[in-house]
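I opened the model and kept notes as I went. Here are the entries, in the order I made them.

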Amino acid sequence: MKCNVGSVDRLVRIVIGLLIAIVGVVFDSWWGLVGIVPLATGLFKFCPLYLPLKITTEKKD
């Protein structure tokens, strides 16, 4: 897997993922599981949806 998520994109994904997960736990909703997706893509620095769209937010050296 080649990294295709940049630092700002990564930070936003982690924050949003944590917020969704926390709100899901607080309100006892299954939406907390949805927060795992942006959290995982932020932590692994890889978004599978970016591959077919040929998008990368990572800075080039």
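**Salt bridges.** I searched the whole structure, a predicted model, and found one salt bridge. I looked up the partners: the side chains of aspartate 9 and arginine 13 meet at 3.0 Å, N to O. I then checked where the pair sits. Both residues belong to helix H1, residues 7-26, and because they are four residues apart there, about one helical turn separates them. Are they buried or exposed? I noted both aspartate 9 and arginine 13 as buried.

**Threonine 41.** I followed arginine 13 to another partner. Its side chain and that of threonine 41 are joined by a polar contact of 3.0 Å. I placed threonine 41 in helix H3, residues 36-44. Its relative accessibility is 10%, and the cut-off for buried is under 20%, so threonine 41 counts as buried. I listed its neighbours too, leaving out residues up to four places away in sequence. Threonine 41 touches Val5, Arg13, Phe46, Cys47 and Pro48.

**Positive phi.** I went through the backbone angles next. Aspartate 28 has a phi near 50 degrees, a positive value in a residue other than glycine. I found aspartate 28 in the loop between H1 and helix H2, residues 31-34. Its relative accessible area is 72%, so I logged aspartate 28 as exposed.

Lysine 45 also went on the page. It is not a glycine, yet its phi is positive, about 55 degrees. I located lysine 45 in the loop between H3 and helix H4, residues 50-53. How exposed is lysine 45? I read a relative accessible area of 29%, so lysine 45 is partly exposed.

**Whole chain.** I stepped back to the fold. I counted four helices and zero strands. Along the sequence the pattern reads α-α-α-α. The C-alpha trace spans about 45 × 20 × 15 Å along its principal axes.

I checked burial over the chain: of its 61 residues, 28% are buried. Residues 24 or more positions apart account for 70% of them.

**Surface and charge.** Last, I looked at the charges. The chain has 7 positive and 4 negative charges, and their mean positions are 8 Å apart.

Conventions:
Residues numbered from 1 in each chain as written. Predicted model: local features only at pLDDT ≥ 70, side-chain atom pairs only at ≥ 80, totals over all residues. Heavy atoms only, no water. Helix = DSSP H or I, 4+ residues; strand = E, 2+ residues; numbered from the N terminus. Buried < 20%, exposed > 50% of the residue type's maximum accessible area, 1.4 Å probe, protein only. Polar contact = N/O pair within 3.5 Å; in protein donor to acceptor, adjacent residues only side chain to side chain. Contact = heavy atoms within 4.5 Å. Lys, Arg positive; Asp, Glu negative; His and termini not counted. Charge placed at Lys NZ, Arg CZ, Asp CG, Glu CD. Salt bridge = Lys/Arg side-chain N within 4 Å of Asp/Glu carboxyl O.
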